[in-house]
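Dear colleague,

I am handing over the structure below, together with some notes on what was found in it. Please look through it first and then read on.

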Amino acid sequence: MENTLTFQNSPSVVIASNTFVNVPVILRYEDINLIEVVQEQSLEYTTQIPIYHQDGTYLAKVTGNRMYPTEDGKKAGLKIEKYHGLWVCKMENRTLFEIEQGTGDFFKASAELYTPDGYFVKCTDAGTPSLIDIHGNALKLGGLVLSGNTFNGCSVGVWLKKDGALAIGVNE
């Protein structure tokens, strides 16, 4: 029997200038992982993000730089369009999620995320009420502004609750 030692590194995920290293759940709302790092069958790591409609319908799953509609998403009229270096998820002529592919494993995502109970998770510059607000180089969570931080080795980076509670860098 041959003994081998294999090292696999979890990716670094950067959100609004904050870096999450070896953090399996980047963003959790209640007990639902909204942005997480998963290990694929090929033993590589990537991000996974569920996309919910504001009415709570689970529309699609984003794994790495690919989008997969759910059956409910297809029934609701969700369209996933692929262009050169860009995936676009649309519903009713409104863009819900975009993935811009870079070189190698790099990709950039832009999204309007909802929780299954309808809370808006990302805010636009217009100031729509939200639980989390991403503008440029800072992650804004209520009155807290996080910029240029590194979260390393915690089990949950940002944990939001519908009652307004917030935990950062949680070890379960």
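**Aromatic residues and the sheet**

Tyr52, in what is a predicted model, has a relative accessible area of 14%, and because buried means under 20%, Tyr52 counts as buried. Tyr58, by contrast, has 31% relative accessibility and counts as partly exposed.

The structure holds two aromatic pairs. In one of them, the rings of Phe20 and Phe151 have their centres 4.8 Å apart and their planes at 10°, so this pair is stacked. Phe20 belongs to strand β2 (residues 18-21) and Phe151 to strand β15 (residues 150-152), so the pair ties together parts that lie 131 residues apart in sequence. Both Phe20 and Phe151 are buried. Tyr52 and Tyr58 also form an aromatic pair, which is tilted, with 5.3 Å from centre to centre and 35° between the planes.

Another ring, that of Trp159, has the charged end of Arg28 sitting over it, 4.6 Å from the ring centre.

Turning to the strands, seven of them form an open sheet with mixed pairing, in the order β7-β6-β5-β4-β3-β16-β17. The edges are taken by β7 (66-69) and β17 (166-170), each of which has a single partner strand, so one side of each is left without a neighbour in the sheet. From one strand to the next, the twist averages 20°. Strand β6 (residues 58-63) runs antiparallel to β7 and is joined to it by four bridges, and Ala60 stands opposite Pro69 in β7.

Note on methods
Residues are numbered from 1 along each chain as its sequence is written. This is a predicted model: local features need pLDDT of at least 70, side-chain atom pairs count only at pLDDT 80 or more; totals for chains, interfaces and linings use all residues. Side-chain values use heavy atoms; hydrogens and water are left out. Two strands pair if DSSP finds at least two bridges between them. Helices (H or I, at least four residues) and strands (E, at least two) are DSSP runs, numbered from the N terminus. Axes are lines fitted to C-alpha atoms, for helices over the stretch in contact, and angles run from 0 to 180 degrees between N-to-C directions. Rings of Phe, Tyr and Trp (its six-membered ring) pair if their centres lie within 6.5 Å; planes under 30 degrees apart count as stacked, over 60 as edge-to-face and the rest as tilted. Buried means under 20% relative accessible area, exposed over 50%, partly exposed in between (1.4 Å probe, protein chains only). A charge sits over a ring if NZ of Lys or CZ of Arg is within 6 Å of the ring centre and within 35 degrees of the ring normal.
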